[in-house]
Each structure stands twice: as structure tokens, then as C-alpha cells.
Amino acid sequence: MEETKKLKKYASLFLASSLVVGALAGCSGGSDGGDDSSSGDSGSSGGDSDVIKIGANLELTGSVASYGSSIKQGAELAIEEINANGGINGKQIKLVPVDNKSENAEAVSAAQRLVSQEKVDVMIGPATSGNVLATVQIANQNKIPMVTASGTAPNVTENEDGSINEYVFRTCFIDPFQGIIAANFATEELGVKNVAIFADNSSDYAKGLAAAFKEQIEANGGKVVAEAAYVADDTDFKASLTTLKSKNPEFIFIPGYYEEVGLIVKQARELGIDVPLMGADGWDSPKLVELAGAENLNNSFIINHYSSEDPDQKIQDFVKAFNDKYGESPNAFHALGYDTVYFIKDAIERAGSLDGEKIKDALAATKEISLVSGTFSVDEKHNAVKSATILEYVDGQQKFKTKIEP
Amino acid sequence: MDWLQQLINGISLGSIYALIALGYTMVYGIIKLINFAHGDVFMLGAFIGFFAITRWEMGFIPALITAMILCAIIGVIIERVAYKRLRTATRIAALTTAIGVSFLIEYTMIFFRGATPEAYPQVLPKTTINILGANINSQTILILVVTITLMILLQFIVHKTKIGKAMRAVSHDADAAKLMGINVDNTISATFAIGSSLAGAAGVIFGSYYTRIDPLMGVLPGLKAFIAAVLGGIGSIPGAMVGGFILGIIETIVSAIGFSLWRDAAAFVILILILILRPAGLFGKNIREKV
């Protein structure tokens, strides 16, 4: 009798202890190598290793791969620099990149993987607004701060009902801001009145830009004489362009991504449309020049986050470091990827912890941080408040035209 | 002269569809197989042309010929590997296989080079001709000339040559043709070789005209060419060409009146209407299928 009682007691003890061990192992699972379950303190979420893991859910292949890979290169450069200078609070940073193939569904599973398998402390979010939106819930629910380098749609951080996605931030400006800048540039710098809009109707990004542009143009006393739309993956735009041309606009605003815009610019010029064309950061890719042809891009403008030709010392240092590492001049997405890591670093230092909630609060409290893409603060809607740069294409090269403060 | 410009736009779009549809309709006409991998052979042709121009530094015509030859070989391999053993199988089995082959080609391509688009180099001289206020690109004229030439050539092959006679015989009754001493396997291979080389040519022309190529570029033009072929009467060579032009012009009209987002939908509405109202297509003979 006594014997069996004892046995039962041992058995239950064994069971209980194995459960605890199991739970602990489960927490630190995924962080491979080095730190075994010996990191003893129970509560915190297993991030107490010697490395800070930054997950990067990026478009490394697929239709907008150029953005994601650029952000990754920029982020890698920043991490290399930070690690060489002793890391963040003495800890080294490790980047965990996951390819979301430029698709919403893939972005969701990439985010899930980063949160549940890789146990990252912070995430760099997808490059395009649509993909970021798909993953916002995952960041909020798991309390993992997510910073997108280039998701510019307003509803990335602010929901329809005005509530804020607490764990989501960005290092770029928002779409309406770009639309307003474009409208102001058209009416004030170029002095045009009758404009047309040719927008990508399959992306929230382009629709947001088009709406803000239209509103601001009308506020400035201009007139939208023609509007047309296209969808991603179209290749023939001549019919719509011919219709736009017949309304004699003095300026055409084309919010969209480089893949289609390149073809639109080419076909527009072939149809004899020689008025100024303008787009936003979605145009920014070396592929745009290849697709459109350098001479066709003359007399077109883009709004961007930064220009590598800006004489500012901080920018020139970055351009040099980037050139040394990759042998090319950085574009805006490189700069934003780089800035995103420094933005996160600054917040983790101020938070003094890897707790998601504390990092989030520190990110939200960022004020006047000096980065490559401008000095910026985070406003109450988690948006970056900073300057915009206007670039002009001259024979396939982006030339710094002017800088517009918010 | 807005309508003239739009007509030109429609014809240049339609001639690409026509070019792809020629190969489609020919394969169907001979062995009654809807080869859904045809659009992907078109994509491979575009990439072969791209590599021929950028890596092997060929001019446009040598690149076009290289793409046609390699695509012909690819077409024969596809037929031998995937379709040959299904010749006696049900039509649905062959159709399913064709869709499978299509995906296999697309994703093998993505596996090897990623899905990133590529920009075609400028290989053709680009002059714009102005007629009554409408702009015609010299490339548009070239596509038109190539399409019409290939159609005439194809008609000649099918109706005047020995291999064409064999094709028609196989199309009519493969077993009887065999009894008459026709090598059915070789005839079908020749059909695939010719059809695929046309797809390859279309790929190179598409690339140099529209600039952007990517591994999934064959899907939509492939479907549009299928619609064009059905519209013209699947199996009919002049029908495929006329079907392509009509489809291109209809799509352009839909876009021009401000419904550009409905353009693809319009194409499929045409397909549905044709299947309901005149299943044999504009040029097709209304023969009841043998069961």
C-alpha cells in the first residue's frame, strides 16, 4: 500500500516537472544554437538571449521584389554597422528574412512564422501597403511591434473607425501626403490647371494617392479633366491613354508601381503625349528606366523619400557606406530599410527592454530622430512626419529637384 | 482622329492574340487537344529571345529564329512526354494534363529565375508614323506583317504540302491514316513543332513590343488567344487570325469608352456568348462531334 502511494507521488512530481520543462523549452524553441533552456527566468517571452532578433517579412520575389530586396539590403547594412559598434545595449542584432512573394496570403504566413516559430522581438513589415494590412492583426495580437519601411496607405496604422493599430509603425510618409505634394507641385511649380489621373485600380496605395491628389488639385483651383484606371499586370494601355489624350490635359498623374508605369510612360510617349507625367515612390526602381526607356522618362517627376544627390552630410556618408558594400548607389527603399533598423534601435535603447509593449511605447514616443530620409517624429497616428523630395528624370537619371517640408 | 488611333491600337493588340491563336488552333485542328501549355511556350519563347539578344548578342531576326527553333523542340518534347500516352484517353484527361504541363512550365521557370519581370532591350528601330493625326509605331506594322505572313505560310503548309496533307488526314481519322501508311506520331510531332514555333515567335515579338516579360506572362495572352481561336472557329487558321483582331478591337473599344477595368471580363463574356450562340465560331463548320 505504502509503496504504491509513494510511486504515485513520484509519478505526479515527474509529470509536473516535465510539463514545466516542456513549457520552458517551448518558449525558447526556435532560437537555434547556443542558448539552451538554461535561461532560467520564467515569465518573459524567451527573448532573453544574447541576440535581438528582427524579423523581416519582405517581398524578395514576385511582382514588387525590387522593393523588398532593397529594404533588406538597407537593413543589412544598418545591422552590420550597429553590430560592429557593439550592438544595441550590448546585444547583437540578427536579421531573420522571410520571403512573402509579394502576395497577401504569403505575407500573412510569413508573419505567423516570424512570430510563432522564429520568436522575433520586432518585425520589419512588408514593403507594400496591401501586404502590411494583411499582417497588421498578427502584430497586434502577438504584441510584436512591426515597422514597415514603405507601407504608405493611411489605414496601415489608423483603422476606418479612427482607432490606431498600436503595434504598427512606419518610417515613410503616408499616401495622402504624397498626393497633396504632387498636386501642389503641379499647380505651383509647373503652373498647370487641367490635369488627368491614370491610376492603378487594384492597389489601395494608388487609389489613396489619386483621391488625395484630386482633392488638393481642386482646392488649388485646378481641374481634373479626365480620369482612367488600369489593373496590375495589364500590358496594353494605349486605348485608355488615347482617351486621356483627347481631353488635352497639361499634366498626368500616374500613381502606381513601376512594372506597369514603365509601360504606361513608354506607350504614352509613343502616342505623342508629351506633357509632364508624375508619380510617387512606387515609381522608384531601376527597372522603371529599363521598361520605359530613358528618353521617354524625360519631363516626368516623382516624389520620393530621399535623394542620393542631397548634399546633406549624413546622406552622403550613407551613400558611401552603401556603395562600399554593394557597389551601387542606394535608392529610396535602401534608405528606408536602413532607417527602419535605426528607428528600431533607437526605440529599443530607450525602452531598455525587449518587451514588445515597452518597445512599442518607445517607438510611439520617437521625437526628432535624425535619419537618412530626413529628421522625423512619430505623430499620434504612428505616422512619420518628415520632408518629401521631388526628383526629375533626366536621361534616365533621377535629379534632385526640390525638397518640400510638411 | 481619335477613332483611327483606337482602331490602330486594337489591331496591334489583336495581332498579338492572333499570332498566339494560330498555334493554338492548329494543334486543336489536328489532334483535338486544347493545349493550355501553349501560352507558356509563348513565355519560354519570350525568354529565349531575351537571352539570345542580351547574352548571345543576336539581332532581332536571329533571336526570333532561335526562339522558334527551340520552342519547336520544346513543343515536341511536351507532346512526347505528356500527351502522347494520353492519345486514346478521354478528352478531359488530356485537358487536365495540359493544364498541369502549363503550371509545371510556369513554376519551373520561377524556380530557376524568380518571378521578377525582365525588361526587353530595344532591338527594333522605333519610328512613329503619323497618319491623319494617329500614331503608328513601326513595330505595330512589323507585328502585323509577321502575323499575316505566318498565317499565309501556315495555310500553305496545311493545304499544299505533303506534311500538311498528312496532318489533315490524321485530323480526319488517325486510324485510317495509319492504315494508309502515314506515320501518325511524326505528323503529330510536326504539328506541335510548327504550333510551338509560332508561339515562340509571338513571345519574342510580344517582348520587343511590350517590353515587360515575366514567367506568368503567358497565362492571360494564352487565354485570350484561346478565346480568339474559339471566336474564329477553333481549328480554322484564318478564323484564329480574324478572331484575334476582333478580340483586340473589342477590348480596345471597351477601354476607350472608360471601362478599362472590364476589359478582361469583356473577353470572357465574348467567349460565353460564342459558346451559347455559335459554338462552331465564325469560321467553323458546324459538325456534330463523333461520340
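# A chat about the two chains and their contacts

Modeller: In this predicted model, 25 residues of chain B and 30 residues of chain A take part in the contact between the two chains.

Colleague: OK, what area is buried between chain B and chain A, and what do carbon and sulfur atoms give?

Modeller: The area buried between chain B and chain A comes to about 2500 Å², and carbon and sulfur atoms give 48% of that. On the chain B side, the residues that lose the most area to chain A are Tyr210(B), Arg212(B) and Leu261(B), which together account for 25% of what that side buries.

Colleague: How many salt bridges are there between chain B and chain A?

Modeller: The count is four salt bridges between chain B and chain A. Arg212(B), already named for the area that it loses to chain A, forms a salt bridge with Glu259(A), where the closest N and O atoms are 3.5 Å apart.

Colleague: What domains does the assignment give for chain A?

Modeller: The assignment gives domain 1, made of 51–173 + 310–386, and domain 2, made of 176–304. Taken over C-alpha atoms, the centres of the two domains of chain A are separated by 28 Å. Their contact takes 14 residues from domain 1 and 15 residues from domain 2 of chain A.

Colleague: What about buried area there, and which residues of domain 1 lose the most?

Modeller: Between domain 1 and domain 2 of chain A, about 1300 Å² is buried, with 59% of it given by carbon and sulfur atoms. In domain 1, Tyr67(A), Thr152(A) and Phe173(A) lose the most area to domain 2, together 38% of what that side buries.

Colleague: And how many salt bridges and polar contacts are there between those domains?

Modeller: The count of salt bridges between domain 1 and domain 2 of chain A is zero, while three residue pairs are in polar contact across that interface, both residues being at pLDDT 80 or more. Helix H2 (65–84) and helix H11 (332–351) of chain A each supply at least two residues of the side of domain 1 that touches domain 2. H2(A) provides the largest share of that side, with three residues, and the residues there divide into eight nonpolar, five polar and one charged.

Colleague: You mentioned H11, so is Thr340(A) in that helix buried or exposed?

Modeller: Thr340(A), which is found in helix H11 of chain A, is buried, because its relative accessible area of 0% falls under the 20% cut-off. Leaving aside residues up to four places away in sequence, Thr340(A) touches Ile124(A), Val147(A), Ala149(A) and Thr171(A).

Colleague: Last one: which residue forms a salt bridge with Glu166(A), and where does each partner lie?

Modeller: Glu166(A) forms a salt bridge with Lys360(A), the closest N and O atoms being 2.8 Å apart. This pair links distant parts of the chain, 194 residues apart, with Glu166(A) in the loop between strand S4 (146–148) and strand S5 (168–170) and Lys360(A) in helix H12 (residues 356–364) of chain A. Glu166(A) is partly exposed at 44% relative accessibility, whereas Lys360(A) is buried at 8%.

Key
Residues numbered from 1 in each chain as written. Chains lettered and ligands numbered in written order. Predicted model: local features only at pLDDT ≥ 70, side-chain atom pairs only at ≥ 80, totals over all residues. Heavy atoms only, no water. Domains from an automatic or database assignment. Contact = heavy atoms within 4.5 Å. Buried area = accessible area lost by both parts, 1.4 Å probe. Salt bridge = Lys/Arg side-chain N within 4 Å of Asp/Glu carboxyl O. Polar contact = N/O pair within 3.5 Å; in protein donor to acceptor, adjacent residues only side chain to side chain. Helix = DSSP H or I, 4+ residues; strand = E, 2+ residues; numbered from the N terminus. Nonpolar A, V, L, I, M, F, W, Y, C, P; charged D, E, K, R; others polar. Buried < 20%, exposed > 50% of the residue type's maximum accessible area, 1.4 Å probe, protein only.
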